[in-house]
Structures are given as structure tokens and as C-alpha cells.
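Thanks for making the time this morning. I would like to walk you through one structure, so please have a look at the display before I start.

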Amino acid sequence: MSIVRLEHVFKDYSLGEQKVQALMDITLNIEDGAFLAIAGPSGSGKSTLLNLIGCIDTPSSGKIFINGQDVSGQTPDDLSDLRARTIGFIFQTFNLLPVLSAEENVEYPLLQFKELSGTERRNRVAKYLSIVGLSKFTNHRPNQLSGGQRQRVAIARALATQSKIVLADEPTANLDHKTGEGILQLMKDINGNFKTTFIFSTHDWRVMAMANRLVRIEDGQLATQDVTEEEKLAMVIERRNTSGNVLSQRADQSGTDGIQM
Ligand code: ADP
Ligand code: MG
């Protein structure tokens with residue numbers, strides 16, 4: 001089943017008199033349980049595409065279906081419930097609330113779920129902080145955590161609402177490569193264990209190499225619907241030859257407290 005479907009999606013922005021065509025005629029099907037990378041250079045439309053899938057913004061034309069629901073004609077306000085329960089976000093800059101602890105940051109989006117009791121909420125927070133390997137850091141504020149740990153909090157926050165789709169806009173861009181690979185591996189493990197769909201943008205080829213499916217976007221258009229395994233391998237080898245032996249072993253082996261369903 002497709003969890004996300006885009007049909008002939010266009011997105012224009014107005015900049016004064018000028019019209020910027022950020023996306024042109026995007027048609028894309030994303031299967032439930034995908035681990036999909038959207039690759040493309042800066043300005044190619046990756047964030048715009050993720051914002052449309054995340055119902056933060058609406059297309060200028062075309063249709064978008066999320067989990068079977070046509071969201072194209074609706075305003076971001078109409079879609080707030082779908083967004084809160086179906087979609088989790090991870091950002092390049094982590095976007096944690098600085099005055100809240102790790103635990104409180106993960107709990108925050110759950111406060112709007114009136115059906116959860118306080119105990120259920122706290123249990124859920126503890127469960128997801130454990131999944132991302134941060135059980136010992138629940139009371140730390142963001143400025144008392146490393147970049148990689150902050151991104152783990154953001155992952156726990158995105159998962160705690162039991163989202164079916166996690167959207168991550170360049171999730172490793174502010175992390176060193178080793179930490180970035182650790183974060184990607186964690187996302188991949190969660191994808192494997194929970195079947196959560198992950199859609200992430202990147203221009204880091206190491207991140208692309210870890211995707212199960214890779215699409216390329218250039219100047220607002222899908223340049224390649226599906227980069228094949230052979231093409232991906234060729235890409236990795238080419239990059240490795242130009243930048244030394246960077247196919248290093250898996251980073252951050254200390255990883256998680258143990259992922260369990
Ligand atoms: P990427 O995430 O791949 O770097 P973006 O989706 O942010 O690309 O941007 C795609 C294009 O749309 C760029 O040309 C960018 O300048 C333009 N753009 C993005 N957001 C806006 C906006 N709010 N107003 C005007 N132009 C925008
Ligand atoms: Mg962007």
C-alpha cells in the first residue's frame with residue numbers, strides 16, 4: 001500500500017513580483033514501511049517536498065494523499081490532527097525546546113492527546129527514550145546534550161506520537177559524519193523493527209547509501225524515480241575513490257538500549 005502518493009504536484013512561491021517554481025510535476029508513490037532518501041543539491045526543492053508531504057504547506061496544484069486521505073484541498077489548520085497523529089518531524093537543527101528536559105521535550109506533543117493518562121504518557125516517553133538509547137539522560141536539557149544526543153531526543157519525540165511516517169529534513173547536516181551515520185543507523189533499525197516509514201532529505205552520499213530507496217530531485221523535478229542498487233553502488237565507489245576510505249565501519253555502536261517492539 002502507498003502511505004504517501006503525489007500526483008502531478010507543483011509548488012510556486014511568490015517573491016515580490018517574481019514567481020519561484022520550487023516543484024514541477026512531481027508524481028511519486030511511497031510504500032508503507034519505506035526508508036526513502038530524497039537526494040538533491042541545495043535549492044532543488046527537498047524541503048518544499050517534505051513540507052508538502054508533512055502537510056505544513058499546500059501544493060499550488062496537484063494532489064497529495066497521506067495514508068489514503070486526500071489532503072490537497074485542505075488548509076494546514078484542517079490537517080493539524082492528521083499531522084499530530086500520523087506524521088513526526090525531525091529537523092536539521094533538532095528544534096528542541098531549550099527550557100525543557102529531554103523527557104519533557106518528548107512528552108510535549110503527547111499533551112494534546114487527551115486519551116492518554118499521565119502514567120501512560122510517562123511510560124511512553126520512557127519507552128521511546130530507551131529506544132533511542134537515552135534512558136540515562138532524561139533530565140538533561142538540550143544544552144547539556146551532544147548534537148547526536150539532541151537528534152536522538154528529536155527522534156524519540158517524532159516516534160512517541162506513534163506516527164506512521166517520520167519526515168527528516170537533512171537530519172545529519174549538523175552532525176559530524178560518524179555521529180550522522182549512527183543517527184541514520186538508529187533510524188534504519190527503527191524502520192526495520194517498527195515498520196515506521198522514514199522519508200529523509202540529504203545531500204550527503206553516505207546517508208544516501210543507507211537508504212532502501214533513493215530518489216533524486218534537481219531544479220524542482222524528479223531526476224530519477226528510483227536509483228537502482230547498481231547505480232547506488234557505483235555512486236558510492238566513485239565517491240570513495242575521490243574522498244579516501246570513508247566506508248568506515250558502523251558508527252556509534254553503543255547505539256540503543258535495545259530496540260524492542
Ligand atoms: P532544498 O531544501 O533542496 O535546499 P527548498 O525546497 O528549500 O530546497 O527550495 C526550493 C526553491 O524554492 C529554492 O529556489 C528556494 O529559494 C525557493 N523557496 C523555498 N522556500 C521559499 C519561500 N518561502 N519563498 C520563496 N522561495 C522559496
Ligand atoms: Mg532544505
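Predicted model: local features only at pLDDT ≥ 70, side-chain atom pairs only at ≥ 80, totals over all residues.

Let me begin with strand E7, residues 165-169, where five of the five residues are buried, so the strand is largely enclosed by the rest of the structure. In a regular strand the side chains alternate between the two faces of the sheet. Here, Ile165, Leu167 and Asp169 point one way from E7, while Val166 and Ala168 point the other way, and all are buried.

As for its partners, E7 pairs in the parallel sense with strand E6, residues 87-90, over four bridges, and Phe89 stands opposite Leu167 there. E7 is also joined to E8 by five bridges, again running parallel, with Ala168 opposite Phe200 in E8. Together, E7, H6 and E8 make a right-handed β-α-β unit.

Now to the rings, where the count comes to four aromatic pairs. For Phe35 and Phe198 the centres are 5.8 Å apart and the planes stand at 65 degrees, so this pair is edge-to-face. The pair links distant parts of the chain, with Phe35 in strand E3 and Phe198 in strand E8, 163 residues apart, and both residues are buried. Tyr128 and Phe194 have their ring centres 6.5 Å apart and their planes at 40 degrees, so that pair is tilted; it connects helix H4 with helix H6 across 66 residues.

Key:
Residues numbered from 1 in each chain as written. Chains lettered and ligands numbered in written order. Heavy atoms only, no water. Phe/Tyr/Trp six-rings, centres within 6.5 Å; stacked < 30°, edge-to-face > 60°. Helix = DSSP H or I, 4+ residues; strand = E, 2+ residues; numbered from the N terminus. Buried < 20%, exposed > 50% of the residue type's maximum accessible area, 1.4 Å probe, protein only. Pairing = 2+ DSSP bridges. Right-handed = clockwise from strand over helix to strand, strands pointing away.
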